[in-house]
Amino acid sequence: MIRRVLVANRGEIAIRIARACRESDIESVAVYSDADQDAPHVRAADRAVRIGPAPSAQSYLSIPAIIDAARSTACDAVHPGYGFLSENAAFARACEQAGLVFVGPPADVIERMGSKIAARQLMIQAGVPVVPGMTAQDQSDDGIREAAGRVGFPVVVKASAGGGGKGMRVIRDEESARTLIPAARREALAAFGDGTLYVERLIDRPRHVEVQVFGDTHGNVVHLFDRECSIQRRHQKVIEESPSPGLTPAVRAAMGKAAVAAAIAAKYVSAGTIEFLLEGSGDSAHFYFLEMNTRLQVEHPVTEAVAGVDLVHAQLAVAAGGPLPWTQAELIQRGHAIECRVYAEDPSEGFLPQAGPLLLYREPAGPGIRIDSGVVEGGTVSVHYDPLLAKLTVWAESRHAALARALTALRAFPILGIRTNLSLLIRLLGHPDIRAGRLHTRFIEEHAQELLTRVDPSLEALAAAAVAVPDQPSTARPPVEGAAADPWRTIQGWGR
Amino acid sequence: MPRTITLRDSRGEHRATIDDDGGVTVDGAEIATRIAGPGEVRVAEMGRAFVAVAGDVRWVFLNGDVFEIEVLPDGRRRRAAAADGSLTAPMPATVVRVEVSPGDAVRRGDTLVILEAMKMELPVRAASDGIVKTVNCQAGDLVQPGVALIHLE
């Protein structure tokens, strides 16, 4: 029985979890840093506790601060969300030691699957195919470079503790290895506190397809089908969909089976994801285990849409000791779902993250449209955290209809005051290759010219700008309640 | 009384005349507009535009495209760009490493400083060959956009 959950996260995922708690008659407690005092996730929970200053290392990544917050509010469970401490075995263990139920897999499972090297070994034993590669015994820069040479360029160097592309570099020759290996290690050390690297053969233009798995404490494991996540930038996903347009029924069935075998081998409990690289096409396509994410994924809404399930409700039920709410036979994949991640970033400046005020932010709505967001109009996007503003997830009967629905929704999603990737998302969804389902992980890079070029304003856009001049309040400023809600106000000391 | 203002976008300058009844003439073309709500402007035939004001910049959203359009106040020039040779942070960030010292010769494209923001490393590279004249930051510094980190000559 879980009565009160501490949500150890911020932004859209903290709000999504607080909602699921409320629907399950469970109280939720939010945590916040000084930068997030007025953030929407604080208001979404029943209570909120300050955990420290703005930098995540002293707040959302501070295990003692979060355990203290859970204890002081008499929580009996902790939901970590994704990112931050969600895949930190020490945190899961600290929860267990404090008598708190960790909503996720046991600490030793996180530890084993969190080491990419150990996870690879386990998958090889379980008969799940893995990408050819090696771990150097000699972890010096020279040792890694030698391992890369033996695997054969081009290679991918990855952080053993990694995820989200941090500490990861594609290395195409010996010379660039000299600068890229130390850079990967620095990033790995900074992000995970562990600079251990390993080397894999680069699979050229692969698709990234993953399978949602779910296990309970009674030995049941199911999969909830595939998600196509090939459209990425900086090794981070931008658009995800289910079902994957790249899988034939035979390959989909084989991948689901391999994912369940992987989850069983890992003794997995709660929601998890087995990521695969897909090489080739048709029934002869090969898939390789890439890594396991031992947490709820950012893109879980696409699975919820096509499978008609609520993964967070299921996580809470399983964490309380209950059985899985569904058997494999009961699960079906229906229609088509697409998620677009709306980031505060400038695609035409190398996807540079953007921080600043959200002067205007209006979400689209309509049948089959779901928005998970952690921001509001008038709020500020902080430099301290991830630049994800919102996730737009659409569901429709077919892929064609889902693409049209997503495009329509994006064209009615004005976000002003900071640069976003909105136009890029629109161009991606309209691209003939994407419409035809021809995707791969280097798609954005290879089509940069047509996807990232800025367009000039039309005369209509210039006219709209002209009438918005703020020194004519009688015509340009309709009455609004309260200055804080007024998107027409001039922000002092800001601009470019 | 109709007003005339100058707008600037990536192409250059545009003259816009705004009538009292919401009609706008841009580069000689007449376009009917109507303020439809907070931040919302109806624009003839193109549907709904959304506009926000940040200093001299008007942010405009129209059918999925976003534009930053500058309004040039009379008698004022755009802010001067940073002087040649100085390299600035593109956003608030933390300095991870400084790769050069005063007196170093650098080539175009060399990484001079590594910044970190939003959990990502952002290299600051030399825009041209040169000699490092001054280094105005050190590892651990929180730097603001527009402030010179390194000066080359």
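This is a predicted model: local features need pLDDT of at least 70, side-chain atom pairs count only at pLDDT 80 or more; totals for chains, interfaces and linings use all residues.
Two strands are taken to pair here if DSSP finds at least two bridges between them, and by that criterion β2(B) and β3(B) pair in the antiparallel sense, over three bridges.

**Stop 1: the hairpins of chain B**

Select β2 (13-18) and β3 (23-26) of chain B together with the loop that runs between them. Across the pair, B:Ala16 stands opposite B:Val26 in β3(B). The hairpin of β2(B) and β3(B) has four residues between the strands, and B:Gly22 takes a positive phi near 95° there.

Now display side chains and pick B:Asp20, which is placed in the loop between β2 and β3 of chain B. B:Asp20 has a relative accessibility of 55% and therefore counts as exposed, the cut-off for that class being over 50%. On the surface, B:Asp20 gathers with B:Asp19, B:Asp21 and B:Glu30 in a patch of negative charge.

**Stop 2: further along chain B**

Select B:Arg48 and B:Glu40, which form a salt bridge whose closest N and O atoms are 3.2 Å apart. Of this pair, B:Arg48 counts as partly exposed at 40% relative accessibility, whereas B:Glu40, at 12%, counts as buried.

Next, centre on B:Asn63, in the loop between β7 (57-62) and β8 (65-72) of chain B. Its phi is near 55°, a positive value in a residue other than glycine, and B:Asn63 is partly exposed, with a relative accessible area of 43%.

Then select the open sheet of four strands in chain B, whose order is β9-β16-β14-β11 and whose pairing is antiparallel. Because β9 (86-88) and β11 (105-106) stand at its edges with a single partner strand each, one side of each is left without a neighbour in the sheet.

**Stop 3: the parallel sheet of chain A**

Moving to chain A, select the five strands that form an open sheet in the order β3-β2-β1-β4-β5, with parallel pairing. The edges are held by β3 (47-52) and β5 (101-102), each with a single partner strand, so one side of each is left without a neighbour in the sheet. Within the sheet, strand β1 (residues 4-7) and strand β4 (residues 77-79) of chain A pair in the parallel sense over three bridges, and A:Val5 has A:Ala77 in β4(A) as its bridge partner.

**Stop 4: backbone details in chain A**

Two cis peptide bonds can be inspected in turn. One joins A:Phe153 and A:Pro154, with omega about -5°, and A:Pro154 is placed in the loop between α7 (141-151) and β7 (155-159) of chain A. Another runs from A:Ser242 to A:Pro243, with omega near -5°, and A:Pro243 lies in the loop between β12 (236-242) and α9 (249-265) of chain A.

Continue to A:Phe351, in the loop between β16 (345-346) and β17 (352-353) of chain A. A:Phe351 has a positive phi of about 60° although it is not a glycine, and this residue is buried, with a relative accessible area of 10%.

**Stop 5: salt bridges and a covered helix**

The structure holds 46 salt bridges over all chains. Select A:Arg454 and A:Asp346, whose side chains meet in one of them (3.1 Å, N to O). A:Arg454 lies in the loop between α16 (448-452) and α17 of chain A and A:Asp346 in strand β16, so the pair ties together parts that are 108 residues apart in sequence. A:Arg454 is partly exposed, with a relative accessible area of 48%, while A:Asp346 counts as buried at 3% relative accessibility.

Finish on helix α17 (residues 459-467) of chain A, which is mostly covered, with seven of its nine residues buried. Among the buried residues are A:Leu462 and A:Val467.

Technical notes:
Residues are numbered from 1 along each chain as its sequence is written. Chains are lettered from A and ligands numbered from 1 in the order in which they are written. Side-chain values use heavy atoms; hydrogens and water are left out. Patches are made of residues with over 30% relative accessible area and no salt bridge: like charges are joined within 9 Å, nonpolar side chains (Val, Leu, Ile, Met, Phe, Trp, Tyr) within 5 Å. Accessible areas come from the Shrake-Rupley method with a 1.4 Å probe; for residues, only the protein chains shown count as cover. A salt bridge is a side-chain nitrogen of Lys or Arg within 4 Å of a carboxyl oxygen of Asp or Glu. Lys and Arg count as positive and Asp and Glu as negative; His and the chain ends are not counted. The place of a charge is taken as NZ of Lys, CZ of Arg, CG of Asp or CD of Glu. Helices (H or I, at least four residues) and strands (E, at least two) are DSSP runs, numbered from the N terminus. Buried means under 20% relative accessible area, exposed over 50%, partly exposed in between (1.4 Å probe, protein chains only).
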